[in-house]
Amino acid sequence: MEVGKPEILAPGGNLEKLKFAIRYGADAVYIGGQQYSLRANADNFSFAEMEEGVQFAHEHGAKVYVATNIIAHDEDLDGLEEYLQTLERIGIDAIIVADPAIIETAQRVAPGLEIHLSTQVSTTNWQAVQFWHDEVGIPRVVTGREVSIAELREMKEKTGVEIEAFIHGAMCMSYSGRCTMSNHMTARDSNRGGCSQSCRWQYDLFEAVPNSTTGQPLEIPLFTEQDDPYTMSSKDLCLIHRIPQLIEAGVDSFKIEGRMKSLHYVATVARVYRQAVDAYFEDPEHFVVKPEWFAELNKAATRATAEAFALHLPGSEEIIYGEEPNQLKRYDFTGVVLAYDPVQKLATIQQRNHFKVSQEVEFFGPDRENFSQVIEQIWDEEGHELDAARHPLQIVKVPVAQPVQAYDLMRKEL
């Protein structure tokens, strides 16, 4: 089977993240509008922001997809036709849909909108892929997170349908997000955009033992203070070591989870997978996964990672039972480079988190190698020398050891 270069599909939680995802290597970005999206607590996009995002993406040869992937109740469908027609007018490249009512409505009132089948549908076999393509007319299927690489290959070989698969980011303990724990525990519907992530809370585990005197049950804790709290949370997905197998399986789009995550995360992860995919196609026979790629991904990680269902059914080793400090060396996103003066060797930086003189920081960007240096001096916009950049979004100047450029990022190890 001849394979093409897969799309790097990154999350865009807001307009700034959309632009950084594309600058750092994404071929496409998926976003949420202010309705019909499963990330109701993300910033999400107004129609005006969508228009600006689409214009920026298309100018850079990238695409924008809009998640309209809720499982709708009747009251959710009010205004749907106008919403979809507006997306079509704006020039959105595709919508990501789970509910058949939204699929049918889009095909009827906004036929120019391409439809991608959401992972919420939990498509896990090639015959289902064929059904959605042949009977419903959907050109791309986002597979369930529970699918192995071997199954992805079979889907592609037997159907020829475009396959989009998650390769990095948070996992769900239920079938591709089809969970009602949040509904029962917090009255927030995970399938309508309100998931409270109950599975990631820390729980105590008790055993009910009858009281010999009263007959009433006593709750006996099964953990000591030294034990890890009981959890249902899976480790995050990371398939950087499976890039060759995924490409050779014919996966068309590599999807990165994380519309709720930071700009630092989006830029870091998009950049690493861009580098890895490009390296493979430059020399497939001699391709090796560089250790620094995995190390770089961990700089943006908040949880330990695993390969989930990629090769086999996951077991207890894919569940978080406590921190893994050797893997999770934490970094803090501290600034965005706005400009560089090559004569004075000064970078103008917009502060995003506190940093100070004598602190070591690391710079990275889409077109440069990482480098670290100690902050020797800081000046504010009026030229006053500071001992630290304390204020949110403060504009400062710092001497830099190497040339930088606009949209490079700065971080520090915690």
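1. Helix 3 (80-90) and helix 4 (residues 100-109) cross at roughly 55°, and their axes come within 10 Å of each other. That puts helix 3 oblique to helix 4; angles under 35 degrees count as roughly parallel, over 145 as roughly antiparallel, 65 to 115 as roughly perpendicular and the rest as oblique. The axes are lines fitted to C-alpha atoms, for helices over the stretch in contact, with angles running from 0 to 180 degrees between N-to-C directions. Helices (H or I, at least four residues) and strands (E, at least two) are DSSP runs, numbered from the N terminus.

2. Before going on, a word on the source: this is a predicted model, in which local features need pLDDT of at least 70 and side-chain atom pairs count only at pLDDT 80 or more, while totals for chains, interfaces and linings use all residues. Residues are numbered from 1 along each chain as its sequence is written, and side-chain values use heavy atoms, with hydrogens and water left out.

3. Back to the pair: helix 3 passes helix 4 in a right-handed crossing (left-handed if the near helix is turned anticlockwise from the far one by less than a right angle, right-handed if clockwise). From helix 3, Leu-80, Glu-81, Leu-84, Gln-85 and Glu-88 make the contact, and from helix 4, Ile-102, Thr-105, Ala-106, Arg-108 and Val-109; contact here means heavy atoms within 4.5 Å. By class, this contact of helix 3 with helix 4 has 5 nonpolar, 2 polar and 3 charged residues. Ala, Val, Leu, Ile, Met, Phe, Trp, Tyr, Cys and Pro count as nonpolar, Asp, Glu, Lys and Arg as charged, and the others, Gly among them, as polar.

4. Which residues of helix 4 are buried? They are Ile-102, Ile-103, Thr-105, Ala-106 and Val-109, where buried means under 20% relative accessible area, exposed over 50% and partly exposed in between (1.4 Å probe, protein chains only). Their cover includes strand 3 (63-68), helix 3, strand 4 (94-97), strand 5 (114-117) and helix 5 (126-134). At the start of helix 4, the backbone nitrogen of Ala-101 has a side-chain oxygen of Asp-99 within 2.8 Å.

5. Helix 3 also packs with helix 2 (residues 47-59), at an angle of about 30° and with the axes 10 Å apart. Helix 2 and helix 3 are therefore roughly parallel, and the crossing is right-handed. Phe-47, Met-50, Glu-51 and Val-54 of helix 2 meet Tyr-83, Thr-86, Leu-87, Arg-89 and Ile-90 of helix 3. That contact divides into 6 nonpolar, 1 polar and 2 charged residues.

6. Two non-glycine residues with positive phi are worth a look. Ala-308, at about 50°, sits in the loop between strand 12 (305-306) and strand 13 (331-341). Tyr-407, at about 80°, is in the loop between strand 21 (395-399) and strand 22 (409-413). Are they buried or exposed? Ala-308 counts as buried because its relative accessibility is 11%, while Tyr-407, at 37%, counts as partly exposed.

7. Glu-257 is in the loop between strand 11 (253-256) and helix 9 (263-282), and its 8% relative accessibility makes it buried. A polar atom of the Glu-257 side chain lies 2.8 Å from the backbone nitrogen of Ala-170.

8. Lastly, Ala-295 in helix 10 (residues 291-299) is partly exposed at 40% relative accessibility. Its C-alpha atom is 37 Å from that of Asn-183, 112 residues apart along the chain.

Conventions. Polar contact = N/O pair within 3.5 Å; in protein donor to acceptor, adjacent residues only side chain to side chain.
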